[in-house]
Amino acid sequence: MVKPAGLQRVWLKSYDSSFCMKFVDYVKIYVKAGAGGRGCVSFRREKYVPKGGPDGGDGGKGGNIVFRAEANLYTLLDHRYKKHYKAKRGGHGMGKNMHGEDGGDLIIKVPVGTVVKEQVSEEIIADLNFVGKEATIAKGGRGGKGNAHFKSATMQTPRFAQPGEDGEEAYLILELKLLADVGLIGRPNAGKSTLISVISRSRPKIADYPFTTLVPNLGVVKLKDYRSFTVADIPGIIKNAHKGAGLGLQFLRHAERTSLLLHLVDVSEFIDEDPIEVMFEINRELALHSEILASKEQLIVGTKTDLAGDSQRLERLKNYCLKENLPFYNISAATMEGIEGLIADTSSRLNEKLKG
Ligand SMILES: Nc1nc2c(ncn2[C@@H]2O[C@H](COP(=O)(O)OP(=O)(O)OP(=O)(O)O)[C@@H](O)[C@H]2O)c(=O)[nH]1
Ligand SMILES: [Mg+2]
């Protein structure tokens with residue numbers, strides 16, 4: 001059956017708007033490891049073997065709760081819907097010295113960059129910062145010993161066994177902090193998504209209205225000399241974002257682990273505001289979010305130089321940066337002016353940081 005054109009459009013629209021719903025970077029969950037199985041009380045009973053002695057087996061170990069960083073995950077969305085995880089308990093011990101089955105670990109898959117915290121103290125328990133990294137967050141209980149263990153010269157018929165230990169439980173916060181070398185920050189419309197789209201294969205939505213980007217985008221920049229680095233395009237920040245204006249500052253957590261920030265300032269003639277003031281405003285918001293972020297190395301990047309006209313906005317920002325000894329670059333994603341130089345210098349600075 002051919003779908004009417006109208007229906008197809010509706011589908012595309014709903015897909016588009018639901019995309020940002022899929023990026024979840026903060027969830028609270030509860031985990032409980034499996035309890036150990038009970039030890040067994042049993043006695044050997046066989047023809048011609050009277051009073052065969054105790055033969056109760058041990059209980060199996062309860063399953064651990066293990067978190068694992070997976071390469072192909074990008075969001076904590078799954079954990080928004082499933083908030084309780086329980087690992088299997090160990091099997092109970094059985095007669096004839098049979099050991100109960102172990103519960104088996106419950107592996108919870110999370111994206112690389114997930115930080116696991118305790119809910120009340122907010123203490124970091126684990127940082128799953130590379131692919132394949134595993135952390136055991138709650139240990140399964142030990143299995144109880146069967147009565148065969150308690151046999152001795154003075155106790156030939158122990159009629160007791162140990163119960164299994166309970167599994168550990170925890171109330172957790174999972175926080176995703178993307179791992180990128182470079183963060184793009186700036187006002188909405190500064191040209192962040194356009195820049196990431198011309199330097200990497202990331203294809204975020206680009207439009208001339210504020211807050212086009214609603215969730216961070218990641219891109220990999222590959223240089224001619226086979227070096228590469230990752231960039232995070234972070235949604236735009238406006239004045240009073242720390243009070244929740246615009247999209248607030250929640251996405252800045254994704255810039256916290258970058259080594260370098262590219263601070264983009266639109267220098268086109270169509271903007272009335274002073275570019276230096278715009279830059280200060282963003283830096284004030286960064287400082288209100290976190291000192292670490294505010295003290296990160298920044299490269300100031302004047303964008304849309306093809307539209308600078310006679311406005312002198314570019315010159316003002318450039319002269320200020322030169323005076324203050326701030327690294328300054330001017331680029332145009334439309335004409336590609338300055339992009340190659342910016343990328344080469346960004347890469348060199350990253351390499352220096354790695355060496356240092
Ligand atoms: N002429 C010109 N236009 C540009 C340039 N860079 C970006 N633009 C335009 O500026 C507008 C905003 O660009 P975006 O890349 O979406 O801006 P952004 O910083 O990602 O904005 P938010 O996602 O809202 O934070 C778009 O219409 C782009 O086409 C440039 O170098 N030259
Ligand atoms: Mg954008």
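Two residues are in contact if their C-beta atoms, placed from the backbone, lie within 7 Å. This is a predicted model: local features need pLDDT of at least 70, side-chain atom pairs count only at pLDDT 80 or more, and totals for chains, interfaces and linings use all residues. Residues are numbered from 1 along each chain as its sequence is written, while chains are lettered from A and ligands numbered from 1 in the order in which they are written.

**Overall build**
- The chain has seven helices and 14 strands. Helices (H or I, at least four residues) and strands (E, at least two) are DSSP runs, numbered from the N terminus.
- The radius of gyration, taken over C-alpha atoms, is 29 Å, well over the 21 Å that the globule rule gives for 356 residues, so the chain is more spread out than a compact globule. That rule is 2.2 Å times the number of residues to the power 0.38.
- The C-alpha trace spans about 110 × 65 × 45 Å along its principal axes.
- An automatic or database assignment gives domain 1 (23-176) and domain 2 (182-355). Their centres, taken over C-alpha atoms, are separated by 47 Å.

**Cores**
- Of the 356 residues, 39% count as buried. Buried means that 20 or more other C-beta atoms lie within 10 Å of the residue's own, with C-beta atoms placed from the backbone.
- The largest nonpolar core has 39 residues, and Leu 184 and Val 265 have the most contacts inside it. A nonpolar core is a set of buried Ala, Val, Leu, Ile, Met, Phe, Trp, Tyr and Cys residues joined through C-beta atoms within 7 Å.
- Strand 12 gives this core its largest share, five residues.
- Apart from it lies another core, of 16 residues, among them Ala 69, Leu 106, Ile 108 and Val 110.

**Helix 3**
- Six of the eight residues of helix 3 are buried: Lys 192, Ser 193, Thr 194, Leu 195, Ile 196 and Ile 199.
- These buried residues pack against strand 9, strand 10 (217-222), strand 11, strand 12 and helix 7 (339-355).

**Ligand 1**
- Ligand 1 is surrounded by 24 residues; the closest are Gly 191, Ser 193, Asp 208, Thr 213 and Gly 236. A residue is near a molecule if its C-beta atom, placed from the backbone, lies within 6 Å of it.
- Helix 3 (residues 192-199) supplies the largest share of this shell, three residues.
- The shell divides into 10 nonpolar, 10 polar and four charged residues. Here Ala, Val, Leu, Ile, Met, Phe, Trp, Tyr, Cys and Pro count as nonpolar, Asp, Glu, Lys and Arg as charged, and the others, Gly among them, as polar.

Key:
A residue is buried if 20 or more other C-beta atoms lie within 10 Å of its own, exposed if 12 or fewer, and partly exposed in between; C-beta atoms are placed from the backbone.
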